[in-house]
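The points below may be read alongside the sequence and the model.

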Amino acid sequence: SNLTNCEVISSGEGMFHVIAPEGKLGVVVATSPQGGPAYVVDLREDSPLLGKVHLGDKIIAIDDDDVQQLSSIEVSQLIARKSRNPQRKLTILREEDQEEAPSSDEANDALVSESAFVDTNSEHTVTIIAPKGKLGVVVQNRGGGSPFVSDIREGSVLEGQIQLNDRILSVDDQDVRELKAFHISKILASKNQNSARKIVVSRGTIV
């Protein structure tokens with residue numbers, strides 16, 4: 001039977017199943033350099049799994065296939081391949097005492113904790129050296145989270161370097177995770193005569 005809503009089925013302490021509908025899930029996953037299963041680093045505002053899946057949740061199986069040894073890219077490809085299925089079963093491991101940001105003293109502050117969580121635990125931190133002039137990149141904020149790349153114009157000088165959904169962490173070593181998108185755009189524009197601008201982004205894989 002087609003499920004219009006996601007179902008969450010608990011299966012013991014710390015582990016549960018989420019029945020995801022067909023189509024895009026709006027979930028960004030990454031893997032840690034220390035190894036271990038892919039985990040959730042961001043949720044899109046329109047994700048059907050909002051409220052069902054939390055930041056930091058580890059994805060350990062898809063339709064009962066163990067995916068703990070797979071990279072975040074392999075996990076997202078597997079989920080995407082099944083996107084036409086009326087439902088997909090995700091098995092999630094959640095630490096009972098999990099804080100969204102183990103390294104943050106302000107774990108209850110969603111903005112700080114998401115930024116710290118992404119920055120410290122994701123291997124997908126990429127440094128981009130941007131040339132002078134217009135970059136042709138659109139930056140937006142998502143639901144109080146850190147700013148991210150929402151569009152890359154055709155012919156952008158950063159095509160092939162920056163990717164959609166990259167979260168912008170710093171510009172020329174200035175931490176911009178707490179700033180609004182238009183502030184970041186102004187900072188980049190004010191430096192557009194510089195021969196180089198260093199942009200550090202955090203990159204997960206969205207499914």
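1. On a 1 Å grid over the protein atoms alone, a pocket is an open set of points with protein on both sides within 12 Å along at least five of seven lines, whereas a cavity is a set where a 1.4 Å probe fits but cannot get out; lining residues have an atom within 4 Å of a point. Grid points are joined across faces, edges and corners, and a volume is the space filled by probe spheres set on the points.

2. The model is predicted: local features need pLDDT of at least 70 and side-chain atom pairs pLDDT 80 or more, while totals for chains, interfaces and linings use all residues. Residues are numbered from 1 along each chain as its sequence is written, and side-chain values use heavy atoms, leaving out hydrogens and water.

3. The second largest pocket holds about 250 Å³ of space. Its lining comprises 15 residues, with Leu 135, Gly 136, Val 137, Ser 185 and Leu 188 nearest the centre. Helix H3 (181-190) and strands S9 (137-140) and S13 (197-202) each contribute at least two lining residues; H3 gives the largest share, three residues. Helices (H or I, at least four residues) and strands (E, at least two) are DSSP runs, numbered from the N terminus.

4. There is one cavity of 30 Å³ or more. The largest cavity contains about 40 Å³. Among the 10 residues lining this cavity, Leu 25, Val 27, Leu 49, Ile 59 and Leu 90 are the closest to its centre.

5. In helix H1 (residues 72-81), Ser 72, Val 75, Ser 76, Leu 78 and Ile 79 are buried (under 20% relative accessible area, 1.4 Å probe, protein chains only). These residues lie on the same side of H1, because they cover an arc of only 160° around the axis, taken from the directions from the helix axis to the C-beta atoms.

Note on methods: Buried means under 20% relative accessible area, exposed over 50%, partly exposed in between (1.4 Å probe, protein chains only).
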